[in-house]
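Please look over the sequence and the model below.

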Amino acid sequence: MRASDLLHPRPEGLYCPPGDFFIDPVRPVNRALITHGHSDHARSGHRSVLATQQTLDIMGLRYGEGFAGTTQAAALGEAIALNGVSVTFHPAGHVLGSAQIEVVHQGSCIVASGDYKRQRDATCEPFEPVKCDVFITEATFGLPVFRHPPDTEEIARLLKSTAQFPERAHLVGAYALGKAQRVMRLLRDAGHDSPIYIHGALARLSDYYQSQGIELGTLEPATVESSGRQDFAGAIVVGPPSAFADRWARRFPDPISCFASGWMRIRQRAKQGGVELPLIISDHADWDELTATIKETGAEEIWVTHGREEALVRWCELEGIAARPLHLVGYEDEGD
Amino acid sequence: MNRFAELLDRLVLTPSRNGKLTLLRDYFRSVEDPDRGLALAAITGDLTIAAVKPAMLRALVMERMDPVLFGYSYDYVGDLAETVSLVWPQSPADIANHEPTLAEVVAKLQAASRSDGPKVLARLLDSASISARFAIIKLVTGGLRIGVSARLAKQALADLGKVDVAEIEELWHGLTPPYAELFAWLEGKAEKPKKTALALFRPVMLSNPIGDGDLEKLDPADYAAEWKWDGIRVQAVSEGGVRRLYSRTGDDVSGAFPDLAEAMDFSATLDGELLVGDPLQATGTFSDLQQRLNRKSVTPKIQQQYPAFMRCYDVLQIGDEDLRTLPFSERRGRLQSFVQTLDPSRFDLSPLIEFTDWQALEELRRKPLHPVIEGVMLKRWDSPYLTGRPKGPWFKWKRDPHTIDAVLMYAQRGHGKRSSFYSDYTFGVWSGPEGSEELVPVGKAYFGFTDEELRQVDKYVRDNTVERFGPVRSVRADRRQGLVLEVAFEGLNRSTRHKSGVAMRFPRISRLRWDKPAAEADRIETLQALLDT
């Protein structure tokens, strides 16, 4: 069977005709397989959803319990048959619960990786390379300029800055699902044990991470009521990036704005956003991880989706690997 | 190299002066010699390295990667140095080896000949991390552009050693990179370096503005008054054949004024105002003076068109005699006779103003006899020449600022305490024929208002946003609606860089005119008229 008969794009998302299901559909469908809980991949209103238990839990937290007609939890590494098509979820290392989906039918094997990264991350299972015929890769950071440094170095810079500027609050912008918890965990692993103040938008997801055994230490709401204004001096406050340009940020004394994102690799991005301390911490693979992963999967063909497809397709050409962009609509880079 | 690279990365994104000082001070404290001294020299512009042209850099990277991938990358990043630092291919074996120190990088670059320069650079880039590569490229392409002046770096050194910045300025031109003896002194490990070089800068004496009620406490008989000329305060030092012209912060600006330097055939240190024109005939405006500023070299034509001269205020030294401890009255006498010995087309004496009481002086201040005067100076007759800005002996009493009513056009988010406020305002005035007037931006200001007013304008900006571009919002501003700002400024210069053709000096918001309809704001002609006086 031709790979494009097994999976191909439709306006709703990536569709599997023999199995009659979609992967990460952007519109409500009958049966959806979902790689991870970021809102551009995991939407509400599907008739049935198959995802890891953690992704289902996260969707429940974000959309409320009735987010889908029925749900089914996929255990990592266990094949499930859907109309004769075998699907297996494998860890993707992106955020808690994230998975790649391996689709096998009549001797043809495609892995839809969703979003993934290769750097070690204490808040989720590490990415597992899966041998396949076709590998569908993301390309959020699909340009040779994106090279993420070790996250521990970035956290060390943050902690150094808190020592240099003890009279100021450090506001760390980090997306609510995944990045925020990873930053907090990195801070703990680096020995930062004072309370971390969090924006309200992070509370439920962070509680959920803790319930899954990911220690984040003492988290306190970053409200003026809970602590006098002066108390934020020297504190680390984590919140969604949008909150820092907002009036919400006024409660902090002379804050240093930090942003944890792979985009912070580009100075102009940091400058335009008014970021004083960029932290290059990404939940997506950088250029070197993307190219290494493509080789590891042994795939003969690469389909490149959301991001800078052209550069990665060009690289594959130079390496003699067949590649083409897969034009899927509706994905942003919410996770970074 | 990594620590220097990290310092540059942080400085470029840190807007506040205090933040920059902390970063610099911590760097100088924690990094050893000679790296810290070389970093200092790189920041103050005192480090000489053979330059590598951007085209060469591009050629080097093209030898190492696919041109198509480089093209995509450069298009995305937009900055050559940054793109190259990021895409430079690196083998793990190179990184595992020793990371070069700043001293090693500088030594290799300085030893490189013109022909093997690119090869040396490539080897250095092979061995460095991404941000170190960026720093190396910045060093060789010239110009760090990190928003740190030499003066600020010296202030950080002063903070480090808990000494007055004037002491460092005074020593500075006698020192050379990597400044080991300077750091040793600042850290209390050695004596203060001896001044051995000739024609060193002597820190200048500055004045305080006259505040409300100050004059009533002062006796006019205690003070001399003189005009405050609108040029550049300079210090001319000539000693043992070495001639230097310093700015008031101790930067050597001699190179830009060879005509004046040539006339410094004396042995003395003079304090005065640098102006252009002919002192006997006509003194040029600040706009004219600008033709001579920020130039690497000056053509004979420009020198002829805008000859530089110095209007002398004070004398600090004649021959071997330090006059700084003498009272102003005596120094003034010495200055008067000294200036008579100098070339009259290059040096003249700043005249004193006769006055009996403050009222009379106020009249003169309001109507100065010359457009290149920006106020009057008051100097106690008995004041010695002190460094810095002592309170009491010298006052400046400036002409009242100009004001115009302009309309708010764009607002940009501030930094630090103001990062959630739209606090930097671009404003414009009306231009074009009646019936189809358009606003043309004339300046930008970010202070002059209270915190409460800032909150009000911030709300106005958020409620009246037309468009957003990153941190900038365009605000509704037309004949029917717009926020009128009364803007105060010290003067106007002609500008080819601005669409309006004018650039304001020292603009600030003096009042918010919530009451004034936008259509009644000023027109560009009002500003143009000011230019022509």
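How many residues does the contact take from chain A and from chain B? The contact takes 28 residues from chain A and 25 from chain B, two residues being in contact if their C-beta atoms, placed from the backbone, lie within 7 Å. This is a predicted model, in which local features need pLDDT of at least 70 and side-chain atom pairs count only at pLDDT 80 or more, while totals for chains, interfaces and linings use all residues. Residues are numbered from 1 along each chain as its sequence is written, and chains are lettered from A and ligands numbered from 1 in the order in which they are written.

On the side of chain A that touches chain B, the elements giving two or more residues are α7 (267–272) and α9 (309–319) of chain A. Helices (H or I, at least four residues) and strands (E, at least two) are DSSP runs, numbered from the N terminus. By class, this side of chain A has 13 nonpolar, 5 polar and 10 charged residues. Ala, Val, Leu, Ile, Met, Phe, Trp, Tyr, Cys and Pro count as nonpolar, Asp, Glu, Lys and Arg as charged, and the others, Gly among them, as polar.

Two strands pair if DSSP finds at least two bridges between them.

| Strand order (chain A) | Pairing | Average twist from one strand to the next |
|---|---|---|
| β1-β2-β3-β4-β5-β6 | mixed | 35° |
| β14-β13-β15-β12-β16-β17 | parallel | 30° |

In the mixed sheet, the edge strands are β1 (8–10) and β6 (68–73) of chain A, each pairing on one side only. Strands β3 (21–23) and β4 (31–33) of chain A run parallel and are joined by 2 bridges. A:I23 stands opposite A:L33 in β4(A).

In the parallel sheet, β14 (219–221) and β17 (277–279) of chain A each have a single partner strand, so one side of each is left without a neighbour in the sheet. Strand β13 (196–198) of chain A runs parallel to β14(A), with 3 bridges joining them. A:L219 in β14(A) is the bridge partner of A:I196. Helix α4 (179–189) of chain A packs on the sheet and touches β12 (170–173), β13, β15 (236–239) and β16 (256–260) of chain A. The direction of helix α4 of chain A makes about 160° with that of β15(A).

Chain B is assigned domain 1 (2–141), domain 2 (208–398) and domain 3 (402–532), with bounds from an automatic or database domain assignment. The C-alpha centres of domain 1 and domain 2 of chain B lie 42 Å apart.

How values were computed
Axes fitted to C-alpha atoms, helices over the stretch in contact; angles between N-to-C directions.
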